[in-house]
Amino acid sequence: MEYKKVNITPKLAEEWLKRNTCNRPLSTAKVIDYAVEMAEGRWGEESHQGISFAEDGSLVDGQHRLAAIALAEVTLCLWVATNQPIRQREIYTRDVIDRGPARTPGDVLSLERHIQNSKDVSAITHQIFRILHIGQTGPNKVSVPVQAYIYDIYKREIDTVIGLAKGIKGLRNGQILACFAFAAKDHFDEAIIFEEAFWDGANLGSGSPILAFRDFVMGSRGVRASTIHPQVLFRACLYCLYCHIKGKPVSRMTINNLGANYFLKKQADNLARIQNYLGSRGEVSRATKVELRKKIAERRPAWCPRA
């Protein structure tokens, strides 16, 4: 087996994809996700993961990378392995490729950045990103560097919220924790009091915004936070936090944008910082993704299973 670095052009990627004769089904969604990262200059080339060909010339590994290069129309320098044995004794090479569990963002935050409570941090930073884009069609996934950047901004609030959180079934939820941390950025003491009372649930009188939200999450019919739509949960939690801070009673839960708009206005500078760090990733990535989908529909490339 031989290894070498190769500048893979879109044309070369399309040529190599013709040798993709024995592989798992190609995911168009994954190709588009990769292509967005490549088109916007966020694809790291210095990695051992590249392209692999078997001894018969067929493509073994890297079909999604090649398709993304072709779609994004970029040239990347990647490691390429050739003459990989198809079979080693009783084991086929393809038997052992991509068999391990994928590293989660929480795993990477812990391993590379040594962040404590990394799974909770990952969940909360992801949801803060979604709060900052509430009412918009945001990405389903937020990259590790973005999560780490958001954590740097909200570190004190996130660490405090995680430290107070209790594992109460039906109440502990990444979206709720994110709302607590988000509100705490500008109203730290009030948000932390809200969280402590939310977990405790004691001595909450009629009209309490904390009780209203707690009852909304639990529900009289056993509703749990995980079953409530994220956008609804964000609005409900931020509305009750807003009422708690402003001293307004909540006798009946209503889902509105009052709290969300209040905190988003407060967080405008942080949103601008994140957008600047991303190169307006939230908007650009969506626009790029739309353009890539159009390109697939127009060109109907041979490697694409469906347009």
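Predicted model: local features only at pLDDT ≥ 70, side-chain atom pairs only at ≥ 80, totals over all residues.
1. Let's start with the largest nonpolar core, which has 62 residues. The members that touch the most others are I128, I158, F180, F182, F213, L241 and F263. The top contributor is α10, with 11 residues.

2. Now zoom in on F180. Which residues does F180 touch, leaving aside those up to four places away in sequence? They are V161, A191, F194, E195, F198, W199, C237 and L241.

3. Aromatic pairs are worth a look as well: the structure has 12 of them. Take F180 and F198: the ring centres are 5.5 Å apart and the planes sit at 70°, so this pair counts as edge-to-face. The pair ties together distant parts of the chain, with F180 in helix α7 (residues 174–184) and F198 in helix α8 (residues 188–200), 18 residues apart. Are these two residues buried or exposed? Both F180 and F198 are buried.

4. Ring pairs join F180, F194, F198, W199, F213 and F216 into a cluster.

5. Two rings have a charged residue over the face. R19 sits over F53, 4.2 Å from the ring centre. K185 does the like with Y154, at 5.5 Å from the ring centre.

6. Back to F53, which belongs to strand β2 (residues 51–54). Both faces of this strand are covered: I51 and F53 are buried on one side, and S52 and A54 are buried on the other.

7. What does β2 pair with? One partner is strand β4 (residues 76–84), in the parallel sense, over 3 bridges. Here A54 has Q84 of β4 as its bridge partner. Strand β3 (residues 59–61) runs antiparallel to β2 and is joined to it by 2 bridges. In β3, D61 stands opposite S52.

8. Finally, check the turn in the hairpin of β2 and β3. There are 4 residues between the strands, and G57 takes a positive phi near 90°.

Note on methods: Residues numbered from 1 in each chain as written. Heavy atoms only, no water. Phe/Tyr/Trp six-rings, centres within 6.5 Å; stacked < 30°, edge-to-face > 60°. Buried < 20%, exposed > 50% of the residue type's maximum accessible area, 1.4 Å probe, protein only. Lys NZ or Arg CZ within 6 Å of the ring centre and 35° of its normal. Pairing = 2+ DSSP bridges. Core = buried A, V, L, I, M, F, W, Y, C linked by side-chain atoms within 4.5 Å. Contact = heavy atoms within 4.5 Å.
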